[in-house]
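Subject: Structure for your review

Dear colleague,

Please find below the structure that I am handing over to you. My findings follow directly after it.

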Amino acid sequence: MKATVSMKNVLETLHHSKATQELVRFWLNLPRPEGHICPKRADFSSARINGSLPEVFLSEWYGDDALVVVQAGTVLDRLIGLDMTGKNIFDMTPPELVADERTYYQLLRDQPCAGFITRSMINFADKPFIYRTVQMPLLDPFHKVRYFVGTGFVIEGKQMEAEFGKLDFKKAKLVERRFFDIGAGVPNEIKLADTSLESRPDN
């Protein structure tokens, strides 16, 4: 039986930022359409999480070849080195990682779940860093997962050394990827984390 732990414990264990904790708590408390485990995009308003806004980003799935950033926080723009709003995430991803990136988001859609990706990266200013993003699904008007809201933050210094040791920053690499159960399970074909995120208000 899969162990179920509170969202707070999940985030603390994974050393997520305060903004991530606030966003996840907000997402968990959004209303769900009857019979669905994900909230609707129409019920999500970034204006209601002002304190976390710089780290929050929103993306929209247009198909296998396009996942477009609808809203990018200033933290993401500063790290990457350009304004990400309107950019296709797949176009910004190294070619060797595009297939995995596409599969990851497709899995989040097919079996609605939350997830995170950690990468070693180099921005357009040739500055190396480790960047962790968290993604949570949102429904379109037809109750299909079409949007993802999440946060991104840097892992550096002693925390980076403790979690990952020494990394080769010569090119972008996928360091870690995990899925979290929000009520529909997690993809069977992926090595799963023994963690569950409960779709209910955080008490």
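Of the 203 residues of the chain, 47% count as buried, where buried means under 20% relative accessible area, exposed means over 50%, and partly exposed lies in between (1.4 Å probe, protein chains only). This is a predicted model, in which local features need pLDDT of at least 70 and side-chain atom pairs count only at pLDDT 80 or more, while totals for chains, interfaces and linings use all residues. Residues are numbered from 1 along each chain as its sequence is written, and side-chain values use heavy atoms, with hydrogens and water left out.

The chain exposes about 10300 Å², of which carbon and sulfur atoms supply 50%; accessible areas come from the Shrake-Rupley method with a 1.4 Å probe, and for residues only the protein chains shown count as cover. Among the contacts with a separation of 6 or more, 57% are between residues 24 or more positions apart, a contact being heavy atoms within 4.5 Å.

The secondary structure comprises six helices and six strands. Helices (H or I, at least four residues) and strands (E, at least two) are DSSP runs, numbered from the N terminus. Along the sequence, their order is α-α-β-β-α-α-α-β-β-β-α-β.

Strand E1

Strand E1 covers residues 56–63, and seven of its eight residues are buried. E1 runs antiparallel to strand E5 (residues 145–155), to which five bridges join it; two strands pair if DSSP finds at least two bridges between them. In this pairing, Glu 60 stands opposite Tyr 147 of E5. E1 also pairs with strand E2 (residues 66–71), again in the antiparallel sense and over five bridges. Here Gly 63 has Ala 66 of E2 as its bridge partner, and a hairpin of two residues joins E1 to E2.

Aromatic pairs and charges over rings

The structure holds six aromatic pairs. Rings of Phe, Tyr and Trp (its six-membered ring) pair if their centres lie within 6.5 Å; planes under 30 degrees apart count as stacked, over 60 as edge-to-face and the rest as tilted. One of the pairs is formed by Phe 26 and Phe 44, edge-to-face at 5.7 Å centre to centre with 70° between the planes. This pair links distant parts of the chain, 18 residues apart: Phe 26 lies in helix H2 (residues 18–28), and Phe 44 in the loop between H2 and E1. Both Phe 26 and Phe 44 are buried.

Trp 61 and Phe 90 form another edge-to-face pair, with 6.2 Å between centres and 85° between the planes. Trp 61 belongs to strand E1 and Phe 90 to helix H4 (residues 89–92), 29 residues apart. Trp 61 counts as buried because its relative accessibility is 7%, and Phe 90 is buried, with a relative accessible area of 4%.

The charged end of Arg 102 sits over the ring of Phe 90, 5.5 Å from its centre. A charge sits over a ring if NZ of Lys or CZ of Arg is within 6 Å of the ring centre and within 35 degrees of the ring normal. Arg 41 lies over the face of Tyr 147, at 6.0 Å from the ring centre. Ring pairs also link Tyr 104, Tyr 105, Phe 148 and Phe 179 into a cluster.

Helix H5

The buried residues of helix H5 are Leu 97, Val 98, Glu 101, Tyr 104, Tyr 105, Leu 107 and Leu 108. Helix H5 (residues 95–110) has 16 residues and should span 22 Å, which agrees with the 23 Å between its end C-alpha atoms; the expected span is 1.5 Å times one less than the number of residues.

Yours sincerely
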